[in-house]
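Hi,

Here is the structure I said I would pass on. Have a look at it first, and then read on for what turned up.

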Amino acid sequence: MRTDVNNARSGQIPFGLEGVLLIHGLGRGEGSMVLLARWLRRSGFETARVRYPSRRLSLEDAVCWVQQRVAALTKGWGRVHLVGHSLGGVIARRMALSRSDARFGRVVQLGAPNAGAPLAERLARWQWARRVFGPALSDIAVLRPPTSRSKGIAAIAGVCALGTRRGDWLVPVRSAWAGAEARAVVSTVHGLLPLNAEVGRLICCYLQTGSFGTAGRVAR
């Protein structure tokens, strides 16, 4: 796990400070969220990135793993927003809805397979893929869509300029948007969502105002 602020030691963060916990996706690492952390800090947020063994844990175990590290990573923060990419977005949603930490604020999911992912479902049929990606692959393949939109949760979906506009090659737009109160779409592939400048602007806008406003292509 990694804290991106120099003043993150005990007692050096002002009480009431807002920060963002960044959660990477399946098979990725905390380094995949570095650029996004930079954009958030420029907008006035403190940031912390959490590392978890995504290829060794089930979805539920991954949620518990990250939850157990929130207190240490966000010590002194008054409000903790969650931003997660892919599997990390599903983890962020579950953490927020569980209310395991009263400080949890808004959530932004990036290409999260909230209603499953066809590619993950196909890969999960192969033993080699289950060995490479671990138990979480089978878990996200069969996720059922949320029955209603959740307040305080936003979703950004990717679409491929050279492929189908139904998704980002890995996660369909309908799955990425499922259960979110605010929805936006950006032209990029799945793996590049955390590196996209438009995504960064959308995240900052939602965390600051509770709405994507006119920051990008927004769905109602």
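A word on terms before the details: a salt bridge here is a side-chain nitrogen of Lys or Arg within 4 Å of a carboxyl oxygen of Asp or Glu. Please also keep in mind that this is a predicted model.

With that cut-off, the count comes to 4 salt bridges. Let me start with Arg-94, which forms one with Glu-60, the closest N and O atoms being 2.2 Å apart. That pair ties together distant parts of the chain, with Arg-94 in helix α3 and Glu-60 in helix α2 (residues 59-73), 34 residues apart. Arg-94 is partly exposed, at a relative accessible area of 31%, and Glu-60 also counts as partly exposed, at 44%.

Another one joins the side chains of Arg-79 and Glu-18, at 3.7 Å from N to O. Here too distant parts of the chain are linked: Arg-79 sits in strand β4 and Glu-18 in strand β2, 61 residues apart. Arg-79 is partly exposed, with a relative accessible area of 30%, and the value for Glu-18 is 30% as well, so Glu-18 is partly exposed.

Arg-103 and Asp-101 make a salt bridge through their side chains too, at 2.8 Å from N to O. What is the relative accessible area of Asp-101, and is Asp-101 buried or exposed? It comes to 14%, so Asp-101 is buried.

Now the overall picture. The chain has 8 helices and 8 strands, and of its 220 residues 54% count as buried. If you look at contacts between residues with a separation of 6 or more, 75% of them come from residues 24 or more positions apart. The accessible surface of the chain is about 10200 Å², and 52% of that belongs to carbon and sulfur atoms.

On to the inside. The largest nonpolar core has 45 residues, and those with the most contacts inside it are Leu-21, Ile-23, Val-66, Leu-82, Leu-87, Ile-91 and Met-95. There is also a second, separate core of 24 residues, which includes Leu-22, Val-108, Ala-184 and Leu-193. Met-95 is worth a click: leaving aside residues up to four places away in sequence, Met-95 touches Ile-23, Val-63, Val-66, Gln-67, Val-70, Leu-82, Ser-100 and Phe-104.

Met-95 is also one of the buried residues of α3, together with Leu-87, Gly-88, Gly-89, Val-90, Ile-91, Ala-92, Arg-93 and Ala-96. Because 9 of the 12 residues of α3 are buried, this helix is largely enclosed by the rest of the structure. From first C-alpha to last, α3 reaches 17 Å, close to the 16 Å expected at 1.5 Å a residue.

Ser-86 lies in the loop between β4 and α3 (87-98), and its phi is near 55°, a positive value in a residue other than glycine. Ser-86 has a relative accessibility of 10%, so it counts as buried. Just after α3, Arg-99 takes a positive phi of about 55°, although Arg-99 is not a glycine either. Arg-99 belongs to the loop between α3 and β5. At 53% relative accessibility, Arg-99 counts as exposed.

Then there is helix α8 (residues 197-209), with 13 residues and a reach of 18 Å from its first C-alpha to its last, close to the 18 Å expected at 1.5 Å a residue. Which residues of α8 are buried? They are Val-199, Gly-200, Leu-202, Ile-203, Cys-204, Cys-205, Tyr-206 and Leu-207. What do the buried residues of α8 pack against? Their partners are β2 (17-23), α1 (34-42), β4 (77-85), β5 (104-110), β6 (150-159) and β7 (180-187).

Finally, take a look at the outside. Trp-126, Trp-128 and Val-132 form a nonpolar patch on the surface, with about 360 Å² of accessible area together. Of these, Trp-128 is found in helix α5 (residues 127-133).

That's the tour. Write back with whatever you spot.

Cheers

Technical notes. Residues are numbered from 1 along each chain as its sequence is written. This is a predicted model: local features need pLDDT of at least 70, side-chain atom pairs count only at pLDDT 80 or more; totals for chains, interfaces and linings use all residues. Side-chain values use heavy atoms; hydrogens and water are left out. A nonpolar core is a set of buried Ala, Val, Leu, Ile, Met, Phe, Trp, Tyr and Cys residues joined through side-chain atoms within 4.5 Å. Buried means under 20% relative accessible area, exposed over 50%, partly exposed in between (1.4 Å probe, protein chains only). Contact means heavy atoms within 4.5 Å. Patches are made of residues with over 30% relative accessible area and no salt bridge: like charges are joined within 9 Å, nonpolar side chains (Val, Leu, Ile, Met, Phe, Trp, Tyr) within 5 Å. Accessible areas come from the Shrake-Rupley method with a 1.4 Å probe; for residues, only the protein chains shown count as cover. Helices (H or I, at least four residues) and strands (E, at least two) are DSSP runs, numbered from the N terminus. The expected span of a helix is 1.5 Å times one less than its number of residues.
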